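Good morning, and thank you for coming. I would like to take you through one structure today, with attention to how its chains meet.

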There are 2 protein chains.
Amino acid sequence: MTEKITKLKLIKSGHPSQTTRPQTKYQRVENIIRQRLIENIWKPGDALPSEIQLATELDVSQGTVRKALNDMVAENLLYRRQGLGTFVSQHTERRALFLYFSLAGNNGTRILPESKILNFREKEPSEAEFTKLELMNRDRVIQFQRIRYYEDVPTIFETITLPLEHFPDFGSDSEPPNNLFRFYQSFYGITVAKAEEQLRAVPASHEESNILNVPENSPLLEINRLARMLDGRPVEWRVSHCDTTNYHYIKESG
Amino acid sequence: MTEKITKLKLIKSGHPSQTTRPQTKYQRVENIIRQRLIENIWKPGDALPSEIQLATELDVSQGTVRKALNDMVAENLLYRRQGLGTFVSQHTERRALFLYFSLAGNNGTRILPESKILNFREKEPSEAEFTKLELMNRDRVIQFQRIRYYEDVPTIFETITLPLEHFPDFGSDSEPPNNLFRFYQSFYGITVAKAEEQLRAVPASHEESNILNVPENSPLLEINRLARMLDGRPVEWRVSHCDTTNYHYIKESG
DNA sequence: CAGTGGTCTAGACCACGCG
DNA sequence: GCGTGGTCTAGACCACTGG
């Protein structure tokens, strides 16, 4: 009994600043783990310490650690494999495909389409780019465009804008690969944690009609997506114009 | 000790058929609750018995009931209000808006747009309708079309198809209201539990160009949505053609 | 086999909503 | 005050994985 009381005292006195703004233990555990992910102390693919080790280190019960980890698994930041451990999520092909790429063939199958870079430049951000990417100073941006092919048919025309700040020497070595998120993660230690998409129907421009081999002004699906890192800062703004004759965007709700 | 052992024996012997295909207790609890929702024993808006009552009734611990309920809260079938209880989800305006209606103004605000019914008929299903709605016999279907307005501007043209089987006397009393899901729920006891959407860009037909007041062949966003009931059977097929000049479809991932 | 996550229990105490 | 869900603990046992 006395031991219990002492423990509670210790916990409360150990966090005196949080008496006004109460925070649960599992939230504190979550924040600690989140911070370690942001600081790359635990890298994508790494196994975390076991639940019992974490519980001991952070002086909480295993159940509290479980709750925190389960929350983060639900956020796709971690994944579990029974008998093996808890791991930091990576931007594998599968993850890219099911989390951040929603186009599927009319039969329902998804493929991560091949892509070809058309152009590349470093420049001052436009007003829209400055706002969208939440740039602070007049930081420069990287911008490139590419075509993506579904079964060798050009289907998507993409314009991608990145804050130069986070991507030094981008594109100087070699062409950026097909799976950009994995590239950001493995070369720059930047993990895309979430994204917001806005969809519209737009007419094909003259340039797009040539590239995608469709009539001018024919309808294209515009996917306007802002991707954010673990700490919430924007990392990539991507505008994709898609010929949805043979493919469509899918979403499940409920 | 002996009590514990006896209890375990009881549980196992109480479910002899499940020794080969093991199922966890919380899954069993989930299935029982799910079944009661399907059978309308607990109706939308009702409070469930308290966790302790359920635990006693089903002979499991409160923690097991918690896990089952939390899973179903994550599925949006139930919601919790601390201090009050656990409730069956309803198709309120808010729910309709945030779960099943993804159009937002370019400033980010969402509105459930007003609608006007254009026509209504009962007919034999087409081949596509038969397949999509997973009709078994040659059941008849109800079909109607409507315009939806955003700030008094016609913006969406919808074609809605329902299996007549589930909607006797549909439309004979009065016009179906704006929020259809709530109507299905309160008048027919049918809850829409999930939906699958496919999005494309399509050209405006001659008819649509008149209705939506846009040039013929101008790009429209097509939302092709199949809604399913609690037990997974299709209840509604809706094809919406949207003028996305002032509005767009939104999705958050991560 | 040892170590991991997954399930389940029993019980304590807290925070909230309502009468 | 009372009943509800929300947090937290401690410990048991199961199921899976790998060496």
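Strand 7 of chain A pairs with strand 10 (residues 247-253) of chain B in the antiparallel sense, over 5 bridges. Strands here are DSSP runs (E, at least two residues), helices are runs of H or I of at least four residues, and both are numbered from the N terminus. Two strands are said to pair if DSSP finds at least two bridges between them. Within this pairing, A:Leu199 stands opposite B:Tyr249 in strand 10 of chain B.

Before I continue, please note that this is a predicted model, in which local features need pLDDT of at least 70 and side-chain atom pairs count only at pLDDT 80 or more, while totals for chains, interfaces and linings use all residues. Residues are numbered from 1 along each chain as its sequence is written, chains are lettered from A and ligands numbered from 1 in the order in which they are written, and side-chain values use heavy atoms, with hydrogens and water left out.

Let me turn to the interface as a whole. How many residues does the contact take from chain A and from chain B? It takes 30 residues from chain A and 30 residues from chain B, where contact means heavy atoms within 4.5 Å. Between them the two chains bury about 2,400 Å², 49% of it on carbon and sulfur atoms; buried area is the accessible area (1.4 Å probe) that two parts lose on being put together, summed over both. A:Lys251, A:Ser253 and A:Gly254 supply 26% of the area that chain A buries against chain B, more than any other three residues.

As to polar interactions, there are 13 residue pairs in polar contact between chain A and chain B, both residues at pLDDT 80 or more. A polar contact is a pair of N or O atoms within 3.5 Å; within protein, one must be able to donate a hydrogen and the other to accept it, and residues adjacent in sequence count only if both atoms are side-chain atoms. Salt bridges between chain A and chain B number 0, a salt bridge being a side-chain nitrogen of Lys or Arg within 4 Å of a carboxyl oxygen of Asp or Glu.

Which element gives the largest share of the side of chain A that touches chain B? That is strand 7 of chain A, with 11 residues.

The same surface serves both, since 100% of the contact residues of chain A recur in chain B.

Finally, two features within chain A. Strand 1 (residues 78-81) and strand 2 (residues 85-88) of chain A pair in the antiparallel sense over 4 bridges, and A:Arg81 has A:Gly85 as its bridge partner. These strands of chain A form a hairpin with 3 residues between them, and A:Gly83 in the turn has a positive phi of about 85°.

A:Glu51 forms a salt bridge with A:Arg66, the closest N and O atoms being 2.8 Å apart. A:Glu51 lies in helix 3 (residues 51-58) of chain A and A:Arg66 in helix 4 (residues 62-74) of chain A, so the pair ties together parts that are 15 residues apart in sequence.
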